[in-house]
Amino acid sequence: MTNNLDIFVGNTTLIDEEVYQLWLDGYSVNDAVTLRLRSGILEQTGATVDVLQSDTMDHYRTFYMLERLLHSPPKLLNQLLFQIPPCRQTMLIERYYAFDEAFVREVLGKKLSKGTKKDLDDISVKTGVTLKSCRRQFDNFKRVFKAVEELRGSLVENIQQHFLLSDRLARDYAAIVFFANSRFETGKKKLQYLTFEDFAYCAEQMIQNWTLGAVDTNVDDMDVDLDKEFLQGLKELKILITDKDLLDLHKSLVCTSLRGKISVFSEMEANFKNLSRALINIASKLTHSKDVRDFFVDLVEKFVEPFRSDKWSPNDVRLFLTQYTVCAHTLDAFRHQSLWERYMGTLKACLLKMYHD
């Protein structure tokens, strides 16, 4: 009796996406096999447990060999050892640099140093992310930070160029780099309601408007460091609260424009001077690194919590901040129009993003 056996020979590296995800999630080969068994793969394929074990080990070996290339994604594209189609290369890179929201919230704004890395055991327990995955994600953050922190040009574009990430993921990494550089406080209890997406949005606004790159594209670290000259200039805004006539006129204009349009008009009118002082004092203190670090704490303490207490709706907040900004432009004695717009545009965007349950 003759047996016919079909043989196919190829050199394309096979990548099982589900096994790749198990490897990225930090599971051992045995744990990965157990999870694959639960998915019913033996019934679907007719394979044996031994074959499944061998298949999983083969995939893991491949991933470990690919990992050194994934540390520098352009090398993955240019190497000849692994024949991987471009679409699969993109998938490998994107997933390798993806991160867990719960994990990034724990390290956002912290120094990407050995000290923080020592805390990964505790972060793993708290978040439910395996320690191996925590280490991969932390090392990715640190690798990207070191690669782009001193480069000229757009932070997002530099990340895309060096790590070949999608636009969305590159923007997220830009936020992580920006927060690590300025060491913004994000871990306090009153900030726990804020998501990574909230902070990433605020980071993008600040990068676009408050960094050196917002005004000069030929400087080093343009999108990483806040513009010190701009921060120093914000002290000029204090005239809006130190000049009593200007403060009273500003209040009158804002109240006139909002009468009948917001549900908390009486609360706004009674607290206008306190709110104005808080908005200006935050601006005038941003020359100090500690006050920069406490920027989000100040926004929550001085605005989000009082607004919640007085039951301001998001629309009330939006209308107030809009008219507060616009009315200052109509004050003849107020000469700092572009500085004001640069400051308040970003502050308003951040506050509106942060004002939720």
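Leu194 counts as buried because its relative accessibility is 2%, where buried means under 20% relative accessible area, exposed over 50% and partly exposed in between, with a 1.4 Å probe and protein chains only. This is a predicted model, in which local features need pLDDT of at least 70, side-chain atom pairs count only at pLDDT 80 or more, and totals for chains, interfaces and linings use all residues. Residues are numbered from 1 along each chain as its sequence is written, and side-chain values use heavy atoms, with hydrogens and water left out.

Leu194 sits in the loop between α12 (167-182) and α13 (196-210). Helices (H or I, at least four residues) and strands (E, at least two) are DSSP runs, numbered from the N terminus. Apart from neighbours within four places in sequence, Leu194 is in contact with Arg105, Phe199, Val300, Met354 and His356; contact means heavy atoms within 4.5 Å. Leu194 and Lys353 are 159 residues apart in sequence, yet their C-alpha atoms are 9.3 Å apart in space.

Now consider the whole chain. Its secondary structure comes to 21 helices and 0 strands. The chain is more spread out than a compact globule, because its radius of gyration is 26 Å, well over the 21 Å that the globule rule gives for 357 residues. That radius is taken over C-alpha atoms, and the rule is 2.2 Å times the number of residues to the power 0.38. Along the principal axes, the C-alpha atoms fill a box of roughly 105 × 45 × 35 Å.

Of the 357 residues in the chain, 47% are buried. Among contacts with a separation of 6 or more, 70% are between residues 24 or more positions apart. The chain exposes about 18200 Å², and carbon and sulfur atoms supply 50% of this area; accessible areas come from the Shrake-Rupley method with a 1.4 Å probe, and for residues only the protein chains shown count as cover. There are 47 positive and 51 negative side chains, and the centres of the two sets lie 5 Å apart. Here Lys and Arg count as positive and Asp and Glu as negative, while His and the chain ends are not counted. The place of a charge is taken as NZ of Lys, CZ of Arg, CG of Asp or CD of Glu.

The interior can be followed through its nonpolar core, a set of buried Ala, Val, Leu, Ile, Met, Phe, Trp, Tyr and Cys residues joined through side-chain atoms within 4.5 Å. The largest one has 115 residues, of which Met268, Phe295, Phe296, Phe320 and Tyr343 touch the most other members. Helix α12 gives the most to this core, with 10 residues. Met268 touches Val254, Cys255, Leu258, Ile262, Trp312 and Phe320, not counting residues up to four places away in sequence.

Three further residues lie in helices. Ile159 belongs to α11 (residues 155-163) and counts as buried because its relative accessibility is 0%. Beyond four places in sequence, the residues that Ile159 touches are Val144, Val148, Leu164, Leu165, Ala170, Tyr173 and Ala174. The C-alpha atoms of Ile159 and Lys348, 189 residues apart along the chain, are separated by 28 Å.

His59 is found in α4 (residues 49-70) and, at 9% relative accessibility, counts as buried. With residues up to four places away left out, His59 touches Leu14, Ile15, Asp16 and Val19. Thr325, in α20 (residues 314-329), is buried at 8% relative accessibility.
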